[in-house]
Amino acid sequence: MKLGEIVIAGNPNAGKTCVYNRLTGAAQQVSNYPGVTVEFVCGRMRHEGRNFAVVDLPGTYSLTAYSQEELVARNYIVERKPALIVNVVDASNFERNLYLTTQLMEMRIPMIIVLNMVDTAERRGYHVDAEKVSLLLGVPVIPAVACRGKGIPELRDACIDVIEGRLAATPAPVAYGHAVDEEVLNLSEMIAKSQLLQEHYSPGWLAAKLLERDEAALAGAQAVAPDDMDAISASAEEATQRMERHFNADAATILAEHRYGMAAGIVKSCLSYTAEARRDITDIIDKVVCNRVIGPLILVGVVAALFFWVFKISDEWAWIPWFDEYQSPTGMMALLFDFLSDLIAPLQARAPMIHSLLDAGIIGGVGGVMSFVPLIFCMFLFNALLEDTGYIASVAFILDRPLRVFGLQGKSILAFIVAGGLGAGGCAVPGILSTRTMREDKDRLVTMLVTPFMNCGAKMPVYAMLIAAFFPGHRTLVMMILWGLSWVVALFAAWVLRHTVVRGEQTPFVMELPPYHVPVPFSVLRHTWERTWLYMKKAGTIILAINIILWAIMYFPRPPEELPPDEALAHSYAGRAGIALESITHVAGFDWRTNIAIIGGFAAKEVVICALGTAYALEQIDEDSHKPLSQTLASLQDWNPIRAFALMVFVMLYAPCLVTVAVIGRESGSWKWAVFATTYSTLLAFALSVLFYQVGSLLIG
């Protein structure tokens, strides 16, 4: 068995992750917008008993050191020296992708070019001559449509042939023109004489980087061979100055222009336009959906349609045959947990504590979260459809200009969307990780601090339960209000942060609009199932553990015998803590039971539902024990729509979950920002909840 490492590199949206999934059988997320892969991901490609490591690097446009994703990709290749680079090139954007290709060629590591999306290129009237590209660059070139598996068997075979030495794939030397080539060659020869440098770097690549005055490359080389670098650095600086005098431009620009020149030459030789080249369908769609007037209206319509169909299919319409009646998917889940509750009913007399743990702690708590699995599945399904069509990139374009007004930049949109900003159902953790693609630290920090305001999947069960209880006839409208409110609060919070604690200039950002695609059903269903399964696993592990702890502090200490069951909860540790906070939170309409749920929600937002379910299950008398939480709340006199809405606003905005707080601390480089995010968002959430509750109470008398 022979082991070799293959890295997959390429521009964002070129289809890298799709190639990775096809080679390894994995199911990493694939999305039609940049910044999805911000760290490298490792997997295994198995073929005829052989086993190869495959690494998916972040998508980058170049290998300079301007952003973290570029550094991650570059450092990985330079330091790990993989056996093979699979360079995924978008055939429909051939010239743009060649700039990164020239930089990868400088490293002189064996490379295979995957000419992906050749079907899209053909539809747009382009034809790339793969054989000619292979001849010019000296590496194998494989046409492919990775999302449909076309070209993947050929790629797999070629990878193995290169690693096992049966197929040559070392790139041809990059030519920058006579004046630059001479300087690169002289410097390369000096570098090659240093054994330490030669062990770590390709001499030609390091020479080009030193001529560009690349600080990260210079620091790395000095760390490896400090004695040798004194003379080499001096020679590099002299060569750089000669080049700059000759071309009357800075060295980085000179080398970049020559790389672009090389890319343009390849395009001229290898790209042809078919006679029937026609106006691309993407351009036609973009003219409508990216229009500054019509585009936002379409966006609102898309989100409204998403919420409408999610609620109709998952909960409102009873369309599943069940004996002599029909049930909705959510109704089926409720029947399942009713059945489980009935199953353990005999335990109540013989082992009341175990019955309480199972019924109130697990079925009443975790069951409340699991019963929303159909709704979460539908939400993820519609989001996956939008992602695979390419519409999300258009949303980013539409919202780019408004975001700049509030002190954010274009890539902030991507963090918001990943966190649930398009409809709902995302997660703040990958949203915050996606900020690594930003070059300006202050832009990153502000985006990290406001991204958790988006409506992630963990908040959806809370909304769904309260909307079902108090706004059953206006589900889409209330969700639209919550969706709009999350954006408004995030934008104004960003504006305030930009003008107070995080001052600084904004950086420019060029938005990329990838072509539209017809979604592939298998891919959409796989991504939907992967996300839903993660939600179910979280409910069955982390949420279960937290809820058992909450049940224990709600069950103990046991009350005196004469105390009725509905007052026992107030006697518990959790009840006492909730009552202690009631003097503060009552102005927002929260009683002590709600306070217990909110405290639990600091760990994860789903726990709010679990804790409320457990609290009311512990208080319910026998004949009501199987009533769903939404029906229980709707039947209580101290609950009303105003209180429910104030609670939804609080859940939307208050402290991020523990995992998100940890990620903010790690990504910002300081735990003070994690503490700041927790504190300021909780205070803001409480202030707005009080405002909505008090004003709402006044209006309804």
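This is a working chat about a predicted model of one protein chain.

User: What am I looking at, and what are the ground rules?

Analyst: It is a predicted model, where local features need pLDDT of at least 70, side-chain atom pairs count only at pLDDT 80 or more, and totals for chains, interfaces and linings use all residues. Residues are numbered from 1 along each chain as its sequence is written, and side-chain values use heavy atoms, with hydrogens and water left out.

User: How many helices and strands?

Analyst: The chain has 34 helices and 10 strands. Both are DSSP runs, numbered from the N terminus: helices are H or I with at least four residues, strands are E with at least two.

User: What is the radius of gyration, and what would a compact globule have?

Analyst: The chain has 29 Å. A compact globule of 701 residues would be near 27 Å, so the two agree. The radius is taken over C-alpha atoms, and the globule rule is 2.2 Å times the number of residues to the power 0.38. Along its principal axes, the C-alpha trace spans about 95 × 55 × 55 Å.

User: What share of the residues is buried?

Analyst: Buried residues make up 56% of the 701. Buried means under 20% relative accessible area, exposed means over 50%, and partly exposed is in between, with a 1.4 Å probe and protein chains only.

User: And the accessible surface of the chain?

Analyst: It comes to about 29800 Å², with 63% belonging to carbon and sulfur atoms. The method is Shrake-Rupley with a 1.4 Å probe; for residues, only the protein chains shown count as cover.

User: What about contacts between residues at least 24 apart?

Analyst: They account for 73% of the contacts between residues at least 6 apart in sequence. A contact means heavy atoms within 4.5 Å.

User: Charges next. How many positive and negative side chains?

Analyst: There are 54 positive and 67 negative side chains, and the centres of the two sets lie 3 Å apart. Lys and Arg count as positive, Asp and Glu as negative; His and the chain ends are not counted. Each charge is placed at NZ of Lys, CZ of Arg, CG of Asp or CD of Glu.

User: Now the strands. Which strand pairs with β1 in the parallel sense over four bridges?

Analyst: That is β3. β1 covers residues 5-10, and β3 covers residues 50-56. Strands pair if DSSP finds at least two bridges between them. Val 7 has Val 55 as its bridge partner in β3, and Glu 5 has Ala 53.

User: How does β1 join β4?

Analyst: Five bridges join them, and they run parallel. β4 is residues 84-90. Ile 8 is partnered by Val 86, and Ala 9 by Asn 87.

User: What does β4 do with β5?

Analyst: β4 pairs with β5 (residues 111-116) in the parallel sense over six bridges. Val 88 stands opposite Val 114 in β5.

User: Back to β3. How does β2 run against it, parallel or antiparallel?

Analyst: Antiparallel, with seven bridges between β2 (residues 41-47) and β3. Met 45 has Phe 52 as its bridge partner. β2 and β3 form a hairpin with two residues between them, and Glu 48 in the turn has a positive phi of about 50°.

User: Are these strands buried or exposed?

Analyst: β3 is mostly covered, with seven of its seven residues buried. One side carries Arg 50, Phe 52, Val 54 and Asp 56, the other Asn 51, Ala 53 and Val 55. β1 has six of six buried, so it is largely enclosed by the rest of the structure. Glu 5, Val 7 and Ala 9 point one way from β1; Ile 6, Ile 8 and Gly 10 point the other way. β4 has seven of seven buried, so it is largely enclosed too.

User: What is phi at Asn 13?

Analyst: Positive, about 70°, although Asn 13 is not a glycine. Asn 13 lies in the loop between β1 and α1 (16-24). Its relative accessible area is 13%, so Asn 13 is buried.

User: And Arg 213?

Analyst: Its phi is near 60°, a positive value in a residue other than glycine. Arg 213 is in the loop between α9 (203-211) and α10 (215-224). At 40% relative accessible area, Arg 213 is partly exposed.
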